[in-house]
Amino acid sequence: MDDQNLCSNLFKKLGAFLWKFLWKVLSVGPIPQHTAFILDGNRRYAKKHKLDKEDGYKAGYEALLYILNYCSELGVKYVILYAFSLDNYERNPSDVKCVMNLTLEKTRVLLKEKGLVAKYGVRLLFRGNLRLLSEPMRRAAENAMLATAANNRIVVLVCVAYTSTNEIARAVQKSCIEKFNSESHALKVPNMRPDMNIADVEKHMFMAAAPDPSILIRTSGEKRPSNFFLWQFTIP
(Lines give C-alpha, C1' and ligand atoms only; values in the text may rest on other atoms or scores of the structure.)
Protein backbone atom coordinates (compact mmCIF):
# COMPACT_ATOMS: atom_id res chain seq x y z
CA MET A 1 0.00 0.00 0.00
CA ASP A 2 2.83 2.34 0.87
CA ASP A 3 4.50 1.60 -2.45
CA GLN A 4 1.25 2.35 -4.27
CA ASN A 5 0.87 5.67 -2.44
CA LEU A 6 4.48 6.51 -3.21
CA CYS A 7 4.01 5.78 -6.90
CA SER A 8 0.76 7.75 -6.95
CA ASN A 9 2.42 10.77 -5.35
CA LEU A 10 5.34 10.56 -7.76
CA PHE A 11 3.01 10.49 -10.77
CA LYS A 12 1.05 13.45 -9.40
CA LYS A 13 4.23 15.46 -8.91
CA LEU A 14 5.46 14.46 -12.36
CA GLY A 15 2.13 15.46 -13.88
CA ALA A 16 2.23 18.84 -12.12
CA PHE A 17 5.80 19.40 -13.29
CA LEU A 18 4.94 18.53 -16.91
CA TRP A 19 1.90 20.81 -16.76
CA LYS A 20 4.03 23.74 -15.54
CA PHE A 21 6.65 22.91 -18.15
CA LEU A 22 4.00 22.96 -20.89
CA TRP A 23 2.83 26.42 -19.81
CA LYS A 24 6.42 27.67 -19.75
CA VAL A 25 6.90 26.44 -23.32
CA LEU A 26 3.65 28.03 -24.49
CA SER A 27 4.45 31.34 -22.80
CA VAL A 28 7.72 31.62 -24.75
CA GLY A 29 5.81 31.98 -28.01
CA PRO A 30 3.66 34.95 -29.05
CA ILE A 31 0.78 35.29 -26.59
CA PRO A 32 -2.23 37.46 -27.50
CA GLN A 33 -2.28 40.33 -25.05
CA HIS A 34 -6.02 40.80 -25.44
CA THR A 35 -8.41 37.88 -25.86
CA ALA A 36 -12.15 38.30 -26.26
CA PHE A 37 -14.73 35.60 -25.54
CA ILE A 38 -18.37 35.32 -26.56
CA LEU A 39 -19.83 33.24 -23.75
CA ASP A 40 -22.60 31.06 -25.12
CA GLY A 41 -23.66 27.46 -25.59
CA ASN A 42 -24.75 26.99 -21.97
CA ARG A 43 -28.34 26.08 -22.80
CA ARG A 44 -27.26 23.64 -25.49
CA TYR A 45 -24.81 22.07 -23.06
CA ALA A 46 -27.58 21.69 -20.50
CA LYS A 47 -29.92 20.13 -23.07
CA LYS A 48 -27.24 17.74 -24.31
CA HIS A 49 -26.43 16.54 -20.79
CA LYS A 50 -30.09 16.59 -19.66
CA LEU A 51 -29.53 19.32 -17.08
CA ASP A 52 -31.61 22.28 -16.00
CA LYS A 53 -30.75 25.48 -17.85
CA GLU A 54 -29.52 26.98 -14.59
CA ASP A 55 -27.05 24.11 -14.18
CA GLY A 56 -25.84 24.74 -17.72
CA TYR A 57 -25.07 28.36 -16.87
CA LYS A 58 -23.32 27.28 -13.66
CA ALA A 59 -21.16 24.85 -15.63
CA GLY A 60 -20.28 27.71 -17.97
CA TYR A 61 -19.19 29.83 -15.01
CA GLU A 62 -16.92 27.06 -13.71
CA ALA A 63 -15.35 26.75 -17.17
CA LEU A 64 -14.86 30.52 -17.18
CA LEU A 65 -12.77 30.33 -13.99
CA TYR A 66 -10.46 27.85 -15.71
CA ILE A 67 -10.16 30.17 -18.71
CA LEU A 68 -9.20 33.12 -16.51
CA ASN A 69 -6.69 30.95 -14.68
CA TYR A 70 -5.04 29.87 -17.95
CA CYS A 71 -5.03 33.41 -19.35
CA SER A 72 -3.40 34.69 -16.17
CA GLU A 73 -0.71 31.99 -16.20
CA LEU A 74 0.06 32.60 -19.88
CA GLY A 75 0.41 36.33 -19.35
CA VAL A 76 -2.68 37.56 -21.20
CA LYS A 77 -3.20 41.14 -20.01
CA TYR A 78 -6.78 41.80 -21.12
CA VAL A 79 -9.78 39.48 -21.29
CA ILE A 80 -13.18 40.62 -22.48
CA LEU A 81 -16.27 38.54 -21.77
CA TYR A 82 -19.45 39.06 -23.78
CA ALA A 83 -21.77 37.90 -21.03
CA PHE A 84 -25.17 39.40 -21.84
CA SER A 85 -26.35 41.18 -24.96
CA LEU A 86 -29.02 43.87 -25.17
CA ASP A 87 -30.75 41.48 -27.59
CA ASN A 88 -30.88 38.84 -24.86
CA TYR A 89 -33.54 40.90 -23.09
CA GLU A 90 -35.91 39.62 -25.79
CA ARG A 91 -35.47 36.04 -24.58
CA ASN A 92 -37.81 34.19 -22.25
CA PRO A 93 -37.99 36.25 -19.02
CA SER A 94 -37.08 33.16 -16.99
CA ASP A 95 -33.82 32.83 -18.97
CA VAL A 96 -33.01 36.50 -18.45
CA LYS A 97 -33.68 36.22 -14.73
CA CYS A 98 -31.55 33.07 -14.47
CA VAL A 99 -28.52 34.70 -16.14
CA MET A 100 -28.83 37.93 -14.18
CA ASN A 101 -29.28 36.14 -10.86
CA LEU A 102 -26.23 33.97 -11.53
CA THR A 103 -24.17 37.02 -12.58
CA LEU A 104 -25.19 38.84 -9.42
CA GLU A 105 -24.45 35.81 -7.24
CA LYS A 106 -21.00 35.20 -8.73
CA THR A 107 -20.08 38.88 -8.63
CA ARG A 108 -20.90 38.93 -4.93
CA VAL A 109 -18.91 35.73 -4.41
CA LEU A 110 -15.88 37.29 -6.08
CA LEU A 111 -16.15 40.26 -3.76
CA LYS A 112 -16.60 38.09 -0.72
CA GLU A 113 -13.76 35.73 -1.59
CA LYS A 114 -11.20 38.43 -2.25
CA GLY A 115 -8.42 35.86 -2.31
CA LEU A 116 -9.54 34.74 -5.77
CA VAL A 117 -9.19 38.13 -7.48
CA ALA A 118 -6.11 38.93 -5.40
CA LYS A 119 -4.45 35.63 -6.38
CA TYR A 120 -4.73 36.40 -10.08
CA GLY A 121 -4.48 40.19 -9.69
CA VAL A 122 -7.79 40.64 -11.51
CA ARG A 123 -9.20 44.07 -12.16
CA LEU A 124 -12.91 43.86 -13.01
CA LEU A 125 -14.58 46.35 -15.31
CA PHE A 126 -18.24 46.13 -16.31
CA ARG A 127 -19.11 47.67 -19.66
CA GLY A 128 -22.41 48.24 -21.42
CA ASN A 129 -25.65 50.08 -20.76
CA LEU A 130 -25.46 49.50 -17.01
CA ARG A 131 -28.54 51.64 -16.42
CA LEU A 132 -30.62 48.72 -17.69
CA LEU A 133 -29.36 46.43 -14.93
CA SER A 134 -31.33 45.90 -11.75
CA GLU A 135 -30.28 48.07 -8.82
CA PRO A 136 -28.64 45.15 -6.92
CA MET A 137 -26.72 44.05 -10.04
CA ARG A 138 -25.60 47.59 -10.87
CA ARG A 139 -24.48 48.17 -7.29
CA ALA A 140 -22.58 44.86 -7.23
CA ALA A 141 -20.84 45.79 -10.50
CA GLU A 142 -19.83 49.19 -9.14
CA ASN A 143 -18.55 47.63 -5.92
CA ALA A 144 -16.55 45.03 -7.86
CA MET A 145 -14.91 47.72 -10.00
CA LEU A 146 -14.06 49.77 -6.93
CA ALA A 147 -12.74 46.80 -4.93
CA THR A 148 -10.41 45.62 -7.73
CA ALA A 149 -9.28 49.02 -9.03
CA ALA A 150 -5.73 48.56 -7.68
CA ASN A 151 -5.19 45.15 -9.34
CA ASN A 152 -3.22 45.22 -12.59
CA ARG A 153 -2.04 41.72 -13.47
CA ILE A 154 -5.01 41.01 -15.72
CA VAL A 155 -7.95 43.26 -16.65
CA VAL A 156 -11.28 41.49 -17.17
CA LEU A 157 -13.99 43.49 -18.90
CA VAL A 158 -17.47 42.02 -18.53
CA CYS A 159 -19.93 43.17 -21.20
CA VAL A 160 -23.52 43.21 -19.95
CA ALA A 161 -26.49 44.93 -21.59
CA TYR A 162 -24.13 45.49 -24.51
CA THR A 163 -24.19 45.39 -28.30
CA SER A 164 -21.61 46.77 -30.67
CA THR A 165 -24.13 48.85 -32.61
CA ASN A 166 -25.31 50.46 -29.37
CA GLU A 167 -21.69 51.13 -28.39
CA ILE A 168 -20.94 52.80 -31.75
CA ALA A 169 -24.11 54.93 -31.76
CA ARG A 170 -23.45 56.05 -28.19
CA ALA A 171 -19.81 56.91 -28.92
CA VAL A 172 -20.70 58.91 -32.04
CA GLN A 173 -23.39 60.81 -30.15
CA LYS A 174 -21.04 61.66 -27.29
CA SER A 175 -18.32 62.67 -29.74
CA CYS A 176 -20.69 65.02 -31.57
CA ILE A 177 -21.83 66.63 -28.33
CA GLU A 178 -18.24 67.05 -27.13
CA LYS A 179 -17.01 68.47 -30.43
CA PHE A 180 -19.82 70.95 -30.86
CA ASN A 181 -19.56 72.10 -27.26
CA SER A 182 -15.77 72.49 -27.28
CA GLU A 183 -15.65 74.15 -30.69
CA SER A 184 -18.93 76.00 -30.66
CA HIS A 185 -17.11 79.13 -31.79
CA ALA A 186 -16.50 77.44 -35.13
CA LEU A 187 -20.23 77.38 -35.76
CA LYS A 188 -20.26 81.17 -35.72
CA VAL A 189 -17.94 81.28 -38.71
CA PRO A 190 -19.65 80.66 -42.09
CA ASN A 191 -18.87 77.33 -43.78
CA MET A 192 -16.88 76.04 -40.79
CA ARG A 193 -17.69 72.85 -38.89
CA PRO A 194 -15.71 71.01 -36.20
CA ASP A 195 -13.68 68.11 -37.58
CA MET A 196 -14.15 64.64 -36.14
CA ASN A 197 -11.87 61.64 -36.54
CA ILE A 198 -11.73 58.01 -35.45
CA ALA A 199 -9.87 58.83 -32.23
CA ASP A 200 -12.68 61.19 -31.20
CA VAL A 201 -15.17 58.33 -31.47
CA GLU A 202 -12.97 55.61 -29.98
CA LYS A 203 -12.31 57.45 -26.73
CA HIS A 204 -16.05 57.28 -25.98
CA MET A 205 -16.31 53.56 -26.66
CA PHE A 206 -17.18 51.24 -23.78
CA MET A 207 -13.98 49.38 -24.65
CA ALA A 208 -11.68 52.40 -24.52
CA ALA A 209 -10.16 50.90 -21.35
CA ALA A 210 -8.48 48.13 -23.35
CA PRO A 211 -6.56 47.78 -26.63
CA ASP A 212 -8.30 46.14 -29.57
CA PRO A 213 -8.43 42.34 -29.14
CA SER A 214 -5.95 40.06 -30.86
CA ILE A 215 -8.32 37.10 -31.06
CA LEU A 216 -12.03 36.38 -30.60
CA ILE A 217 -13.22 33.00 -29.28
CA ARG A 218 -16.85 31.90 -29.23
CA THR A 219 -17.24 29.12 -26.69
CA SER A 220 -20.15 27.39 -28.44
CA GLY A 221 -18.20 26.96 -31.68
CA GLU A 222 -20.52 29.26 -33.65
CA LYS A 223 -18.84 31.57 -36.15
CA ARG A 224 -21.15 34.61 -35.88
CA PRO A 225 -19.96 37.83 -34.15
CA SER A 226 -23.50 38.43 -32.81
CA ASN A 227 -23.17 42.22 -32.63
CA PHE A 228 -19.94 42.08 -30.65
CA PHE A 229 -16.81 44.16 -31.32
CA LEU A 230 -17.88 45.07 -34.87
CA TRP A 231 -15.93 48.33 -34.70
CA GLN A 232 -12.81 46.90 -33.05
CA PHE A 233 -12.42 44.06 -35.55
CA THR A 234 -13.02 46.34 -38.54
CA ILE A 235 -10.56 49.13 -37.78
CA PRO A 236 -7.09 48.00 -39.02
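A: In this predicted model, the second largest pocket is lined by G128, N129, L130, R131, N166, R170, Q173, K174 and F206. Its volume is about 170 Å³. Sort that lining by class and you get 2 nonpolar, 4 polar and 3 charged residues.

Now the largest pocket. It holds about 1,100 Å³ of space. Its lining has 45 residues, and L39, N42, L64, Y82 and A83 lie nearest the centre. By class, 26 of the lining residues are nonpolar, 11 are polar and 8 are charged. Which elements build this lining? At least two residues each come from α2 (42-48), α3, β2, α4, α5, β3 and β4. The biggest share is from α3, with 11 residues.

Next, pick up F206 from the second largest pocket's lining. Ring pairs join F206 with Y82, Y162, F228 and F229 in a cluster. The structure has 7 aromatic pairs. Take Y82 and Y162. Their ring centres are 5.6 Å apart and their planes stand at 90°, so this pair is edge-to-face. Y82 belongs to strand β2 and Y162 to strand β4, so the pair ties together parts 80 residues apart in sequence. Y82 counts as buried, at 4% relative accessibility. Y162 is buried too, with a relative accessible area of 0%.

Y82 also pairs with F228. Here the ring centres are 4.4 Å apart and the planes are at 15°, so the pair is stacked. This pair links distant parts of the chain as well: Y82 is in strand β2, while F228 is in the segment after β5 (215-218), 146 residues away. F228 counts as buried, at 1% relative accessibility.

The largest nonpolar core has 49 residues, and V79, I80, F126, V156, Y162, M207 and F228 touch the most other members. Several elements give two or more residues to this core, among them β1 (34-38), α3 (53-74), β2 (78-85) and β4 (154-162). The most come from β4, with 9 residues.

Finally, look at M207. What does M207 touch, leaving aside its neighbours within four places in sequence? M207 is in contact with I80, R127, L157, C159, Y162, E167, F229 and Q232. Of these contacts, Y162 and F229 belong to the ring cluster.

Key. Residues are numbered from 1 along each chain as its sequence is written. This is a predicted model: local features need pLDDT of at least 70, side-chain atom pairs count only at pLDDT 80 or more; totals for chains, interfaces and linings use all residues. Side-chain values use heavy atoms; hydrogens and water are left out. A nonpolar core is a set of buried Ala, Val, Leu, Ile, Met, Phe, Trp, Tyr and Cys residues joined through side-chain atoms within 4.5 Å. Buried means under 20% relative accessible area, exposed over 50%, partly exposed in between (1.4 Å probe, protein chains only). Helices (H or I, at least four residues) and strands (E, at least two) are DSSP runs, numbered from the N terminus. Contact means heavy atoms within 4.5 Å. On a 1 Å grid over the protein atoms alone, a cavity is a set of points where a 1.4 Å probe fits but cannot get out, and a pocket is an open set with protein on both sides within 12 Å along at least five of seven lines; lining residues have an atom within 4 Å of a point. Grid points are joined across faces, edges and corners, and a volume is the space filled by probe spheres set on the points. Ala, Val, Leu, Ile, Met, Phe, Trp, Tyr, Cys and Pro count as nonpolar, Asp, Glu, Lys and Arg as charged, and the others, Gly among them, as polar. Rings of Phe, Tyr and Trp (its six-membered ring) pair if their centres lie within 6.5 Å; planes under 30 degrees apart count as stacked, over 60 as edge-to-face and the rest as tilted.
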